[in-house]
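Here are some notes to read beside the structure. Keep the viewer open and find each residue as it comes up.

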Amino acid sequence: MADGSISINDGAISSGKLADGAVTTGKLADGAVTTNKIGSGQVTADKVADGSIGTAELASGAVTADKIGAGQVTADKVADGAIGTAELANGAVQTAKIGDGQVTGAKIASGTITQDKLAFPIGGGGTGTGDTTTIYLQTYLNAGQSVTQAFASANAAIQAAIRTTPSNTNRVGTVKLKLPGGRLVVPNPNVFLLTPPFRTCGLVIEGAGTYATEIVFQPSVANQALITNKDNWLFLTFRDMAFVGDISYATGLTFMDSYSTGGAQNYVFERVNWLGTWRYGLHLTGNNTNSEMSFFHCGISGTWETFFWSETSDQFVNYNFYSCQFEVSEGNYIRLTEGGNVNVWGGSLIHYGANGGTYFIMEGGAHSYGTMRFLCSGVRFEHQTDKSMMIDCAWASGSVKFLNVDNTTETGQRSADWTFARFSPGNDNMPIVSFDGCMLNGKIEFVYSSNTFDHPHNVEFANCEFSQYANAADMVVYTGATNPGGRPVVRFRNCRYQSSNAVTAIFDANVGTDASNRGAMETRSVSIRTAGGQLPARGAYEDFNLPINAVVTRIVIYSPAGAVTSRNPADFKIQTRETTPQVLASVKTTTPYSSGFLSDTSMFIPCSSDAKRQLRFISGSGVDQYNSKGMCVIYYLS
């Protein structure tokens, strides 16, 4: 070194560097630039010479080998000042963030990506936990973007994350959108969620809680949809948020227009609420799929035209509603213009406004096989107005079943002529209509046409209780102008009136057989006894009513020998309770009652009026013993 030059190990610092003062003796002496830092070539001449990395940075260890050595922070990134010492020192820019090429020099140098953005993983929009599968809307809001801009940024990130996979002919989404708590006002359609350019499976949009996150749709132009899915999103999941329809600027709001020709399908809503004023919730159009949709513990309130409307195709099927609340001022819950396949499990359905609505609408016309099935199980209904209806069904054929539902909460407030259900198949079959284990208030109406008689029908109430009507026939309303033979027979089996007593307890009947052109009747029977389970004695009697239009065909009065010890003759009769009673059957023995007897009388007595159906089983005054082994059985057709 006679010439004054200094070379350390590999010559990384030459006399030129010392000569220009870039690395001074003091810097070497204090150990700021160590042999291992220079010897490996990690700190090169150009990095030191231009002063971009000074002794303070080197001395503090803020720039370490692992940050620079792999070439992740290059000279051009450091030299232009885009990454300053503060960013390097606090670790905001880590190798994981830069090394995979997600943040390039051009993005940093231009200031497009600043420190606050780098603090969250790009692509994840997260909280620095390394979560690259979640996009946080709050990230963009924190950066000063408006709600509209933030959703635009989030949608861009969602679409950028769409990938292909050999296991699916469609593309797949790879991220979830996380929404913060608070009120997010969306002033324009198609801001909240954009449809991708290709059919894509899989996206979760998650809020902070059912009411913690509110998305307020507030467009300035009428008849807009918050979301329009043009056949390309599949397998969408929404959870833990609320959507508010705000018509302070424009009316006719729709939550989602879903158009499908085989793509759009499979939506899941978990703990999602809708409130405010809307025209439609989900409006389904197109000619294929738009199927497989489920709602879990969701709530619908406010004012509606229709929440769920499947409009244009029999291919739209398989909808499930689990423990949902449709508690609205007015509006229809589910409307199927074509066929459908629907399950409603539990929940509460309420119309509390004067205009009411219909919970379930099934429109008429020819529908495909396998697309007319509806089940409603375990639901509680409130009809707080006579304009509220449970179901209005015009399906021809199909199956409609209500299982263990209750609509009796407003019994005292509904008029005697109120109708809770209507079935009107036109000139075709009724669906298979079944109410089982239900508590019901109101009437059911069947509308028949001129050729309805030419088709079989199947309607049954089983194990039900009725809060307003003591007779099965009072429950049923038939509406039609010609050919009353088209009235369906309505079978009541093991049913009762809520306020029945011993006289009116016999409810079961096949209503409509008096006019139906093929009215299927059944032979039924009833045993008549006293409160003590015996045949009456000493002139006592038991009154009972048969269903209107029942036909009495046989009466059996019987006592086995030895059932009583009385030496008096047996004396019993069955008669009407008319002003001038008509005796239908009687027995008066010439032998002692203790000897036993059998009286079996056949007849054909139509109970065609209220007076003729009111019967009395009466004992003679000489019958001196009650008989627990005797029987009185009345057989009737209905």
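Where does Glu 292 lie? Glu 292 sits in the loop between β12 (280-288) and β13 (293-296). Keep in mind that this is a predicted model. The numbered points below start with the whole chain and then turn to single places.

1. The whole chain. The chain holds 14 helices and 39 strands. It has 638 residues, and 48% of them count as buried. Look also at the contacts between residues at least 6 apart in sequence. Of these, 78% join residues at least 24 apart.

2. Two residues with positive phi. Most residues other than glycine have a negative phi. Glu 292 is not a glycine, yet its phi is positive, near 55°. Arg 271 is another residue to check: its phi is positive too, at about 50°, and it is not a glycine. Glu 292 belongs to a loop, while Arg 271 is found in strand β11 (residues 265-276). Glu 292 has a relative accessible area of 27%, so it is partly exposed. For Arg 271 the value is 36%, so Arg 271 is partly exposed.

3. Ser 260. Is Ser 260 buried or exposed? Ser 260 is buried, because its relative accessibility is 0% and the cut-off for buried is under 20%. Ser 260 is part of strand β10 (residues 254-261). Its side chain reaches the backbone nitrogen of Gly 262 at 3.2 Å. Now set aside the neighbours within four places in sequence. Ser 260 then touches Asp 231, Thr 285, Gly 286, Asn 287, Asn 288, Thr 289 and Asn 290.

4. Helix α13. This helix covers residues 147-160, which makes 14 residues. From first C-alpha to last, α13 reaches 20 Å. That is close to the 20 Å expected at 1.5 Å a residue. Which residues of α13 are buried? They are Ala 150, Phe 151, Ser 153, Ala 154, Asn 155, Ala 157 and Ile 158. What covers them includes the helix α12 (137-142). The cover also includes β1 (134-136), β4 (176-178), β5 (182-186), β6 (200-206) and β9 (233-245).

5. Strands of a sheet pair through backbone hydrogen bonds, either parallel or antiparallel. Here four strands form an open sheet, in the order β32-β39-β34-β37, and the pairing is antiparallel. The edge strands are β32 (523-527) and β37 (597-606), as each pairs on one side only. From one strand to the next, the twist averages 15°. How many bridges join β32 to β39? Five bridges join β32 to strand β39 (residues 631-637), and the two run antiparallel. To see the pairing, find Val 526, which stands opposite Ile 634 in β39.

6. Gly 562. This glycine lies in the loop between β34 (551-559) and β35 (569-576). Gly 562 counts as exposed, because its relative accessibility is 55% and exposed means over 50%. Gly 562 and Ser 595 are 33 residues apart along the chain. Their C-alpha atoms are separated by 6.3 Å.

Key. Residues numbered from 1 in each chain as written. Predicted model: local features only at pLDDT ≥ 70, side-chain atom pairs only at ≥ 80, totals over all residues. Heavy atoms only, no water. Buried < 20%, exposed > 50% of the residue type's maximum accessible area, 1.4 Å probe, protein only. Polar contact = N/O pair within 3.5 Å; in protein donor to acceptor, adjacent residues only side chain to side chain. Contact = heavy atoms within 4.5 Å. Expected span 1.5 Å × (residues − 1). Pairing = 2+ DSSP bridges. Axes fitted to C-alpha atoms, helices over the stretch in contact; angles between N-to-C directions.
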